[in-house]
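Let us walk through this structure step by step. Keep the sequence and the 3D view side by side.

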Amino acid sequence: MKTLNFYKLATLTAVALMAIASQAGAQLRVVATTPDLASVARDIGGSAVNVAALAKPTEDPHFVDAKPSHIVTLNRADVLIEGGAELELGWLPPLLENARNSKIGAGAPGRVVASEGIRLIEIPTSFDRSKGDIHSLGNPHFMVDPVNAKIVAANIARHFAQVDPKNAAAYRTNLAKFNSAIDSKLAEWQSQLAPFKGAKIVTYHKDFGYLTNRFGLQVVENLEPKPGIAPSPAHLAQVIGIMRSAQAHVILVQPFQNRRTAETVARQTNAAVLLVPQQPGALPNTNSYIANMDNIVRTLAAGLGRK
Ligand SMILES: [Zn+2]
């Protein structure tokens with residue numbers, strides 16, 4: 001009896017494993033450079049895709065720690081979603097070169113450039129990377145505007161349908177669902193931030209411009225003198241002066257930025273330092289793009305509304 005049960009169990013296990021394997025084989029293997037793009041890809045792909053992100057939620061998307069495992073992941077990918085606008089310029093190209101995967105090569109259906117169709121802000125008038133500015137094509141932090149997230153979602157859905165036509169209808173349906181979820185959330189976020197129209201804020205890096213444009217706030221200074229250049233005492237002294245005269249009372253930082261520098265400035269300007277990660281999953285209960293935007297808006301409203 002025992003032996004029989006064992007064989008039965010073994011057979012059942014083998015069948016189950018084969019089912020899992022064939023299911024996994026049928027799923028599109030999607031790699032996104034950052035967790036926000038990965039979250040949107042999951043919403044659009046649903047059960048037809050398996051999504052991994054290369055960057056950790058707490059990592060600077062400009063400076064991701066490249067690992068051999070990233071090469072393996074990219075080598076096996078059917079689709080790669082990158083932010084574009086040179087967001088990943090410092091780390092993605094060498095990984096791709098080593099991964100040798102033509103499915104995700106530049107221009108291939110399996111290569112999604114999220115920034116396609118986004119109206120970039122802060123495009124420099126002169127193209128010069130030698131000054132150290134890492135935003136030389138314009139500002140690549142566009143995902144914090146939910147309207148841009150819809151453009152990105154459409155880019156992802158279009159490429160998914162090209163690579164995997166049999167599920168095209170499902171991708172279209174999921175895109176419509178995502179868009180209506182964003183639309184209803186956007187109204188909520190707008191009313192949460194409406195009392196703070198025109199409020200002046202400071203950010204560590206130039207990474208919240210799309211959000212402040214969308215919600216009618218104003219970034220008056222950045223702690224970095226230029227994107228990617230560390231704050232200097234001379235620049236910080238200038239920022240302190242501007243914050244005092246402009247009445248800016250919040251400084252936004254992300255997990256990988258130097259909070260102590262922000263706190264030094266905050267002490268001299270009676271400001272609050274707000275930790276507002278742009279990537280889902282950096283804080284508890286922020287695992288999806290929408291949940292994370294909820295947290296950004298909630299934290300910002302609380303910080304602007306204090307006292
Ligand atoms: Zn940047």
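Which residues coordinate the zinc ion? His 62, His 135, His 141 and His 205 do, each through its NE2 atom, at 2.0 Å. Donors here are N, O and S atoms within 2.8 Å of the metal (3.2 Å for Na, K and Ca); water is not among the atoms, so sites may look incomplete.

Before going on, note that this is a predicted model: local features need pLDDT of at least 70, side-chain atom pairs count only at pLDDT 80 or more, and totals for chains, interfaces and linings use all residues. Residues are numbered from 1 along each chain as its sequence is written, and side-chain values use heavy atoms, leaving out hydrogens and water.

Along the sequence, its donor residues follow the spacing H-x72-H-x5-H-x63-H. The 4 donor atoms subtend angles of 103 to 119°, so the arrangement is tetrahedral (four donors, all angles between 85 and 135 degrees). His 135 counts as buried because its relative accessibility is 3%. His 141, at 8%, is buried too. Buried means under 20% relative accessible area, with a 1.4 Å probe and protein chains only.

Now find the sheet. It is open, and its 4 strands run in the order β2-β1-β3-β4 with parallel pairing. Strands (E, at least two residues) and helices (H or I, at least four) are DSSP runs, numbered from the N terminus. Two strands pair if DSSP finds at least two bridges between them. From one strand to the next, the twist averages 20°. Look at β1 (residues 28-32): β1 and β2 share 5 bridges. One example is Val 31, whose bridge partner in β2 is Ala 52.

Helix α5 (residues 146-163) lies across β1, β2, β3 (79-82) and β4, at about 170° to β4. Angles run from 0 to 180 degrees between N-to-C directions, and axes are lines fitted to C-alpha atoms, for helices over the stretch in contact.

Next come two packed helices. α6 (residues 168-193) and α10 (residues 289-305) meet at about 5°, with axes 10 Å apart. That angle makes α6 roughly parallel to α10 (under 35 degrees).

Finish at Gly 303 in helix α10. Gly 303 is buried because its relative accessibility is 9%. Gly 303 touches Val 250 and Leu 274, leaving aside residues up to four places away in sequence.

Terms used: Contact means heavy atoms within 4.5 Å. Four donors count as tetrahedral if all angles lie between 85 and 135 degrees; four count as square planar and six as octahedral if opposite donors are over 155 degrees apart and all others between 65 and 115; anything else is irregular. Buried means under 20% relative accessible area, exposed over 50%, partly exposed in between (1.4 Å probe, protein chains only). Angles under 35 degrees count as roughly parallel, over 145 as roughly antiparallel, 65 to 115 as roughly perpendicular and the rest as oblique.
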